[in-house]
Amino acid sequence: VKGEVKEIFPKIFCVTVDDNYDRAMLFCRYQEFYESPYKEFRGKYFSWPKYMRYYKDAWKKDTFTYPIDWSGYNIPKEVVEKALDVFNKETEYDEIMNNIYYFCENYPLRFNKPRTKWYLIGVSSKDLRTLDHEIAHGLYYTNKEYKKKMDELFLLIPEKIREKIFKKLMKMGYAN
């Protein structure tokens, strides 16, 4: 897997991998462990073949299209940590995610700062719209003022429109 990991905002680390397949395979299990719309996978151990078959069937497709369907990923530190324990470095992607975790976890120590919570995002360096979207997730998690302002803005959206947005997001494959 060719890519780069760097802190792009305080406490937000970005993994850029331009190959869609490698990026998806690196993040898929961790993203689905975090917020899968399928209760069979969220917060649980699952194998690659089981997930790939389930995803293909759920979307009524002839093949596993996750690397085409999803381009960006976002996961809090605690979830990466738990998922690493659950998946126990079964694949080369788990090994790489383990290395990414240790890089991010120990990054503050380079500057004589204490470890803290952080957020991991994954994108292609060529997709700035997705990068902006994933940064917003990271800021929501790491920046209290940003979270407060976004929550306030969200509540300005009329409830009927919010309900339509939720339905659309769930239809697109996001968790409830």
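This is a predicted model: local features need pLDDT of at least 70, side-chain atom pairs count only at pLDDT 80 or more; totals for chains, interfaces and linings use all residues.

Reader: How many helices and strands does the protein chain have?

Author: Eight helices and four strands. Helices (H or I, at least four residues) and strands (E, at least two) are DSSP runs, numbered from the N terminus. Along the sequence the pattern is β-β-α-α-α-β-α-α-β-α-α-α.

Reader: What is the radius of gyration of the protein chain, and what does the globule rule give?

Author: The radius of gyration is 17 Å, close to the 16 Å that the globule rule gives for 176 residues, so the chain is as compact as a globular protein of that length. The radius is taken over C-alpha atoms, and the rule is 2.2 Å times the number of residues to the power 0.38. The C-alpha atoms fill a box of roughly 50 × 45 × 30 Å along the principal axes.

Reader: What share of the residues counts as buried?

Author: 39% of the 176 residues. Buried means under 20% relative accessible area, exposed over 50%, and partly exposed in between (1.4 Å probe, protein chains only).

Reader: And contacts between residues at least 6 apart in sequence: what percentage join residues at least 24 apart?

Author: 58% of them. Contact means heavy atoms within 4.5 Å.

Reader: Now α5. How far apart are its end C-alpha atoms?

Author: They are 21 Å apart. The expected span is 1.5 Å times one less than the number of residues.

Reader: Which residues of α5 are buried?

Author: Y93, D94, M97, N98, I100, Y101, C104 and E105. They cover an arc of only 165° around the axis, which puts them on the same side of α5. The arc is that of the directions from the helix axis to the C-beta atoms. On the other side, E92 and N99 are exposed.

Reader: What do the buried residues of α5 pack against?

Author: β1 (4-9), β2 (12-16), α1 (20-35), α4 (77-87) and β4 (119-123).

Reader: Which residue caps the N-terminal end of α5?

Author: T91 does. One of its side-chain oxygens lies 3.2 Å from the backbone nitrogen of Y93.

Reader: Back to E105. What does E105 touch?

Author: K77, R115 and W118, leaving out residues up to four places away in sequence. E105 is buried, with a relative accessible area of 9%. The side chains of E105 and W118 are joined by a polar contact of 2.9 Å. A polar contact is a pair of N or O atoms within 3.5 Å; within protein, one must be able to donate a hydrogen and the other to accept it, and residues adjacent in sequence count only if both atoms are side-chain atoms. E105 and R115 are ten residues apart in sequence and 6.5 Å apart in space, C-alpha to C-alpha.

Reader: Different spot. Where is S71?

Author: S71 is in the loop between α3 (66-69) and β3 (73-76). At 29% relative accessible area, S71 is partly exposed. S71 touches R23, G122, V123, D127 and T130, not counting residues up to four places away in sequence. A polar contact of 3.4 Å joins the side chains of S71 and T130.

Reader: And T130, buried or exposed?

Author: T130 is buried, at 13% relative accessibility. T130 sits in helix α6 (residues 128-142). Beyond its neighbours within four places in sequence, T130 is in contact with S71, G72 and V123.

Reader: Last topic, backbone angles. What is phi for K11 and K89?

Author: K11 has a positive phi of about 70°, and phi of K89 is near 50°, also positive. Most residues other than glycine have a negative phi. K11 lies in the loop between β1 and β2, and K89 in the loop between α4 and α5.

Reader: What follows α8?

Author: G173, with a positive phi near 110°.

Conventions:
Residues are numbered from 1 along each chain as its sequence is written. Side-chain values use heavy atoms; hydrogens and water are left out.
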